[in-house]
Amino acid sequence: MPSNKSLLVLPGDGIGPEVMREVRRVVDWMDRRRRVTFDVKEGLVGGAALDAAGHPCPDKTVEAALAADAVLFGSVGGPKWDSLPFDRRPELGILRLRKDLGLFANLRPAQVWDPLVDASSLKPDLVRGLDIMIVRESTGGIYFGEPRGIGTRPDGVRHGFDTEDYGEDEITRVARVAFDLARKRRNKLTSVEKANVMQSGRFWREVVTNVGKAEFPDVELSHMYADNCAMQLASRPKQFDVILASNLFGDLLSDLAAAVTGSLGMLPSATLGAELPGGRRHALYEPIHGSAPDIAGKGIANPSAQILSFAMLLRYSFGMEEDARLVESAVERVLGGGLRTADIMAPGAARVGTSTLGEAIIRELDKLAA
Ligand code: IPM
Ligand code: MG
């Protein structure tokens with residue numbers, strides 16, 4: 001008997017709902033054609049939730065996320081909500097989910113697909129075959145550290161401050177995820193910090209080194225200052241396999257790595273929590289791109305990153321490697337076949353909209369599974 005797997009879908013704002021519609025087709029296709037059934041619930045997050053329910057991440061959404069096997073997240077934010085106070089901003093939607101579900105390991109692949117090698121800002125030789133995995137810590141560091149605030153110093157000068165604070169346990173658990181992934185890939189881990197100026201960076205390096213020595217002596221570990229890593233990513237990205245970074249550095253470096261691939265509309269991500277009793281773990285999957293308000297509602301957004309996020313969901317939440325590859329191959333074949341959304345348009349290709357690309361992916365799935 002096929003087992004039911006529960007998904008919470010959170011389209012959010014901007015292009016989120018448009019690209020999510022195309023994922024729903026892929027989910028329906030899986031229901032029809034593979035030995036799996038998904039129970040899909042939809043929830044509110046971001047500006048959409050603020051407008052409809054008064055909070056960017058309502059309790060109901062958190063409860064549904066905790067109950068689901070996996071969460072598929074769209075994107076949040078937009079000019080409409082830009083001037084709101086901190087505790088009402090749409091971004092709180094994703095931050096609260098990461099925190100409340102304990103999603104501490106954010107996996108951000110930066111991959112260059114062969115048909116898209118010319119989309120990169122770098123020369124084709126520098127990026128052909130590029131395949132990096134950034135593991136970004138995502139429930140700690142300066143994003144959540146205390147004290148934080150805007151206040152007045154004793155001398156009367158106003159100031160703004162945040163705190164970078166990492167516990168040994170927080171570094172250890174995310175380092176384990178990174179080492180483990182490296183082992184399944186090319187066995188190379190680069191850990192990134194600013195040990196030259198930050199105490200938290202020195203500590204990060206010490207802890208990662210210890211985890212490596214004790215548990216992963218077979219994985220080749222190196223350390224790099226975050227600024228140097230940015231330069232190396234922008235000039236010789238293929239030297240990297242897995243990169244491990246704090247919440248803030250990982251945020252910056254993953255955008256940079258995405259830009260190097262030249263196709264933000266292609267990149268998915270997974271954010272995983274600790275293993276729960278029974279082997280399940282909370283997990284959320286989202287595209288790297290944001291809500292892209294400038295093109296929202298026009299039907300031209302690239303649905304690939306959202307669909308590839310669903311492929312990651314199949315792989316990491318359900319161990320459905322074969323199905324994940326099927327979805328990835330379908331996307332690759334559509335691009336190889338010359339259909340392109342505006343963001344990855346190339347000379348000689350046919351420019352299509354969101355739903356046409358989605359339909360083409362379904363057709364490729366049909367062919368691949370025939
Ligand atoms: C990301 C985004 C978020 C972050 C924002 C939307 C809060 O930039 O997922 O990279 O900074 O983590
Ligand atoms: Mg970011």
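A residue counts as buried when its relative accessible area is under 20%. The views below are taken from a predicted model.

**View 1. Glu286 (E286), a buried residue of strand β12.** E286 is found in β12, which spans residues 281-287. Its relative accessibility is 7%, so E286 counts as buried. The side chain of E286 makes a polar contact of 3.4 Å with the side chain of R98. Residues up to four places away in sequence set aside, E286 touches F73, G74, I94, R98, P268, S269, T271 and S309.

View 2. With a relative accessibility of 3%, S254 counts as buried. Two polar groups lie close to its side chain in this view. The side chain of R108 is joined to that of S254 by a polar contact of 2.9 Å. The backbone oxygen of G250 is 2.7 Å from a polar atom of the S254 side chain. When neighbours within four places in sequence are left aside, the contacts of S254 are R108 and I134.

**View 3. Packing of helix α1 against helix α12.** Two packed helices are described by the angle between their axes and the distance between the axes. For α1 (residues 16-33) and α12 (residues 354-369), the angle is about 20° and the axes are 9 Å apart. Angles under 35 degrees count as roughly parallel, and α1 is therefore roughly parallel to α12. The crossing of α1 past α12 is right-handed. On the α1 side, the contact is formed by E18, V19, E22, R25, V26, W29 and R33. These meet T354, S355, G358, E359, I362, L365, D366 and A369 on the α12 side. By class, the residues of this contact are six nonpolar, three polar and six charged.

**View 4. Crossing of helix α3 and helix α4.** Helix α3 runs over residues 59-67 and helix α4 over residues 92-100. Their axes come within 11 Å and cross at roughly 45°. At this angle α3 and α4 are oblique to each other. The crossing of the two helices is right-handed. From α3, the residues D59, V62, A65 and L66 take part, and they meet R96, L97 and D100 of α4. The contact of α3 with α4 comprises four nonpolar, no polar and three charged residues.

**View 5. E215 in helix α7.** E215 belongs to α7, which covers residues 199-215. Its relative accessibility is 33%, and E215 therefore counts as partly exposed. A polar contact of 2.8 Å links the side chain of E215 to the side chain of R176. Apart from neighbours within four places in sequence, E215 is in contact with R176 and R183. D180 is 35 residues from E215 in sequence, and the C-alpha atoms of the two are 9.8 Å apart.

**View 6. A292 and P293 in the loop between β12 and α10.** Both residues lie in the loop that leads from β12 to α10 (304-318). A292 is not a glycine, yet its phi is positive, at about 40°. A292 has a relative accessible area of 24% and is therefore partly exposed. P293 also counts as partly exposed, at 42% relative accessibility. Neighbours within four places in sequence excluded, P293 is in contact with G78 and P79. P347 lies 54 residues from P293 along the chain, with a C-alpha separation of 26 Å.

**View 7. Backbone geometry at P147 and N187.** The peptide bond that joins E146 and P147 is cis, with omega about 0°. P147 is located in the loop between β5 (131-137) and β6 (149-152). N187 has a positive phi of about 70° and is not a glycine. The loop that holds N187 lies between α6 (168-184) and β8 (188-193). With a relative accessible area of 24%, N187 is partly exposed.

Definitions and conventions:
Residues numbered from 1 in each chain as written. Chains lettered and ligands numbered in written order. Predicted model: local features only at pLDDT ≥ 70, side-chain atom pairs only at ≥ 80, totals over all residues. Heavy atoms only, no water. Axes fitted to C-alpha atoms, helices over the stretch in contact; angles between N-to-C directions. Helix = DSSP H or I, 4+ residues; strand = E, 2+ residues; numbered from the N terminus. Parallel < 35°, antiparallel > 145°, perpendicular 65-115°, else oblique. Left-handed = near helix turned anticlockwise from the far one by under 90°. Contact = heavy atoms within 4.5 Å. Nonpolar A, V, L, I, M, F, W, Y, C, P; charged D, E, K, R; others polar. Buried < 20%, exposed > 50% of the residue type's maximum accessible area, 1.4 Å probe, protein only. Polar contact = N/O pair within 3.5 Å; in protein donor to acceptor, adjacent residues only side chain to side chain.
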